[in-house]
Amino acid sequence: MLQCRDEILAYTKKLVHIESVVNTNGEREIAHSLYSFLSSFPYFVQHPSHIMLEKTTRDDHDRYNVIAFVKGKGGNSKRTVILMGHTDTVGIDDFNQLQPYACSPDQLMEKLKNEDLPPSAKAHLKSGEWLFGRGTLDMKSGLASHLYLLKYYAEHPETLNGNIVLLAECDEEDGSHGVISALKTFQALKETYGFNYVAAINADFVAPRFAGDDNRYIYKGTVGKLLPSFFITGSETHVGSCFEGLDPNLIAAELTKQIDYNPELSNEAYGETTVPPVSLKQTDLKPSYTVQTALAAYAYYNFFIHSWSPKDVLTKLKEQAYIAFNNALATYEQRYKQFAAISSEPYVNMDWKPKVLTYEEMMNLLTSKHGSLFKNHMTKFKEQLLKQQDLDTRMFSARVVEEAWKWMKDKNPTIILFYSSLYSPRIELTGKNEKEQALIKALDQAIKSVQPHYVHPIVTRNFFPYISDMSFVAISDNEEGLDAVTNNSPSLGYKHYVDYQDIRALNVPVINIGPYGVDAHKKFERMEMTFSLEIVPNLTNYVIQNLLN
């Protein structure tokens, strides 16, 4: 077992001390600091071409990845393991009066002694076995573990029968510009040095799955994440004549009722089940107050997948949208009739029918009818829309759908279903090929070697349950599934960029061995030091050795 606790703890504090909140200048600062630190290692002084500071591509922010590799001298193997870890964190606003100490663990823990803490946080603080602070858990201690191993093999290349490549990437917490930019670098290294990528090891955090859960989890593959979105049109009317129109917010409300927390939309695979979708936004698109009902509403939902493809999700959500639309119309009709009865006003049958289209279906209809005139208009519209810096990817997508809708001849109430943000692909690691079999075997052997040195059970599961950059090193979807994303994403190529063929070109099996803790993204974020600083690096090291030897 490597004796590495103190060194990794020092690296962790060094990384945490740099306030590298996503989409801020801190991301640039931590990349330059890390590059300078690694460049001082004797190995990289002798091999300066083995370390790179690379700016992300097609990115509105000035930020960088650090990529470094060590070529082993234990043989002539081209087998190569990728070590991944992100340098950015979420914000620190939730620390309130403790913000000045959020990135200084020792000072923060002194201040926390005078705070009214939840019982578990208080016990952890008192124990001395936990490190508090933004990024300690998610995921700078994991990155520190990788830094230690990189340094170890840089000093002992004769023990490495192959190569390791470290990717310290930015922007994991938002748009994954870092790992997506690095895909072409991986390909370039493969072409230059003949690297045969056999596995990737991510070091993102792991946490208890439920109260009282003492397991420490290692994950094979990862959950996928989509952002299915709904542009909902109604029939505008003056609120004084409300039954002469249809409020799109009523349809949106029924849609959320139908989708939110719905277990029918949980995806089970290999004995593991995703949490059901939940609403992340629901609004109408009126720019200001008027006494007219809204023309359109907009809603989007988080959606996790294990085995379903993006095409499967569109099919399932189209069914749910029809159910919600029917329910909204039934409520409208029942209440209209009830109002007519008590007001002695006549009931007029509006004869609306549920109508649900995917974005792809709408675009095909409009392109078929209007041809290049429509296509050229939409291209120019998107280019102009990009100039509105305040529009995020989700609202950019909504505005594109809204503009396309204006070309529709049939303006009856309709739901348009699309994807409004980045698709983080699901990855299944099942042993379906030689590389996957080798990684699974290497991991099982590593756990067997390390478990006797740790009191809590180390348990493997099939899908990392949080969004991570693991999603961008392999593809489990077929082309039809990916087409469902690209053909239904209005902002793809404008507000976000993913070349899925770059991912397929790398297509390396991936696992997650990361620090253990609780309250990631929260004020009392903390990691348990024994597992994170001792067990994690040794597990990772055994996997590397088992794979390369």
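Visitor: In this predicted model, is Phe195 buried or exposed?
Guide: The relative accessibility of Phe195 is 2%. Buried means under 20% relative accessible area. Phe195 therefore counts as buried.

Visitor: Which residue forms an aromatic pair with Phe195, and is the pair stacked or edge-to-face?
Guide: Planes under 30 degrees apart count as stacked, over 60 as edge-to-face. The ring centres lie 5.5 Å apart, with 20° between the planes, so the pair is stacked. The partner of Phe195 in this stacked pair is Tyr193.

Visitor: How are the rings of Phe396 and Tyr494 arranged?
Guide: Their centres are 6.4 Å apart. The planes stand at 25°, so the pair is stacked.

Visitor: How many residues apart in sequence are the parts that Phe396 and Tyr494 tie together?
Guide: Phe396 lies in helix H12 (residues 393-405). Tyr494 lies in the loop between helix H14 (479-486) and helix H15 (500-506). The pair therefore ties together parts whose separation in sequence is 98 residues.

Visitor: Is Tyr494 buried or partly exposed?
Guide: Buried means under 20% relative accessible area. Tyr494 has 23% relative accessibility, so Tyr494 counts as partly exposed.

Visitor: Which charged residue sits over the ring of Trp308?
Guide: A charge sits over a ring if, among other conditions, NZ of Lys is within 6 Å of the ring centre. Here the charged end is 4.3 Å from the centre of the Trp308 ring, and the residue is Lys316.

Visitor: What accessible area do Val239, Tyr289 and Val291 have together?
Guide: Val291 is in the loop between strand S12 (278-284) and strand S13 (296-305). With Val239 and Tyr289, Val291 forms a nonpolar patch on the surface. Together their accessible area is about 330 Å².

How values were computed: Residues numbered from 1 in each chain as written. Predicted model: local features only at pLDDT ≥ 70, side-chain atom pairs only at ≥ 80, totals over all residues. Heavy atoms only, no water. Patch = residues over 30% accessible without salt bridge, like charges linked within 9 Å, V, L, I, M, F, W, Y side chains within 5 Å. Areas by Shrake-Rupley, 256 points an atom, 1.4 Å probe, with all protein chains shown as cover. Salt bridge = Lys/Arg side-chain N within 4 Å of Asp/Glu carboxyl O. Helix = DSSP H or I, 4+ residues; strand = E, 2+ residues; numbered from the N terminus. Phe/Tyr/Trp six-rings, centres within 6.5 Å; stacked < 30°, edge-to-face > 60°. Buried < 20%, exposed > 50% of the residue type's maximum accessible area, 1.4 Å probe, protein only. Lys NZ or Arg CZ within 6 Å of the ring centre and 35° of its normal.
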